[in-house]
Amino acid sequence: MVTFLLGSEEYGVDVMDVREIVDLTDVTKLANAPSHVEGVIDLRGSIVPIVSLKKRFGLPDSAVEESNCIAVMDFAGVLTGFVIDEVTDVIRVARGDILPPLEVGSEPWMEGILSLGPRLVVVMNLKHLA
C-alpha cells in the first residue's frame, strides 16, 4: 500500500494500482470539465487526466508545495493522475488488517480504515473517482 497526505489526513491505495509518482507539472486546462478535474498532462506520449482529490472531497485548497505530486494510477490500462500533497510511506498490509468502512459517511471509493498505531489511514479504491 502507498500512503499519502491530503492536508492533515492520511489515505492509502493499493500499490499495484500505482504506476508511478511524478512531480507536479503544468496542467493543460479543459473547457467545461468538472471543477475537480485539473486538466491533462502529456506523460511520455500518453495524455493523462489529472484529478484534484482535495477539490473532489471538498477539502480546502492549500498553496502548492515542493512535496506535492501526482500519483498516476493504472485502471485496466486507463491512466489517471491524482494530485496529492505528499507520499508518506509504502507498506505491506494484510487484507484482514483493513477494517470495514463505517456505515455513516461511507462512499463507494472507501474500502476501509487501517489502524497503524496512532495513525488512521483511509483505504481508497480510486477507480471509483477516475
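1. In this predicted model, strands β3, β6, β7, β5 and β4, in that order, make up an open five-stranded sheet with mixed pairing. At its edges are β3 (18–23) and β4 (37–43); each has a single partner strand, so one side of each is left without a neighbour in the sheet. On average, neighbouring strands of this sheet are turned by 30 degrees against each other, direction ignored.

2. Within that sheet, β5 (residues 46–52) pairs with β7 (residues 78–84) in the parallel sense, over three bridges. V51 is the residue that stands opposite F82 in β7.

3. There is also an open sheet of six strands, again with mixed pairing, in the order β8-β1-β2-β11-β10-β9. Its edge strands, β8 (86–90) and β9 (98–99), each pair on one side only.

4. I98 has L114 in β10 as its bridge partner.

5. The largest pocket has a volume of about 280 Å³. Its lining counts 17 residues, and those nearest the pocket centre are L24, E38, D61, V64 and V83.

6. Which elements give two or more residues to the lining of the largest pocket? They are β5 and α1 (53–57). The largest share, three residues, comes from α1.

7. By residue class, the lining of the largest pocket divides into eight nonpolar, five charged and four polar residues.

Note on methods
Residues numbered from 1 in each chain as written. Predicted model: local features only at pLDDT ≥ 70, side-chain atom pairs only at ≥ 80, totals over all residues. Heavy atoms only, no water. Pairing = 2+ DSSP bridges. Helix = DSSP H or I, 4+ residues; strand = E, 2+ residues; numbered from the N terminus. Axes fitted to C-alpha atoms, helices over the stretch in contact; angles between N-to-C directions. 1 Å grid on protein atoms, 1.4 Å probe; cavity = no way out; pocket = protein on both sides within 12 Å on 5 of 7 lines; lining within 4 Å. Points joined across faces, edges and corners; volume = space filled by probe spheres on them. Nonpolar A, V, L, I, M, F, W, Y, C, P; charged D, E, K, R; others polar.
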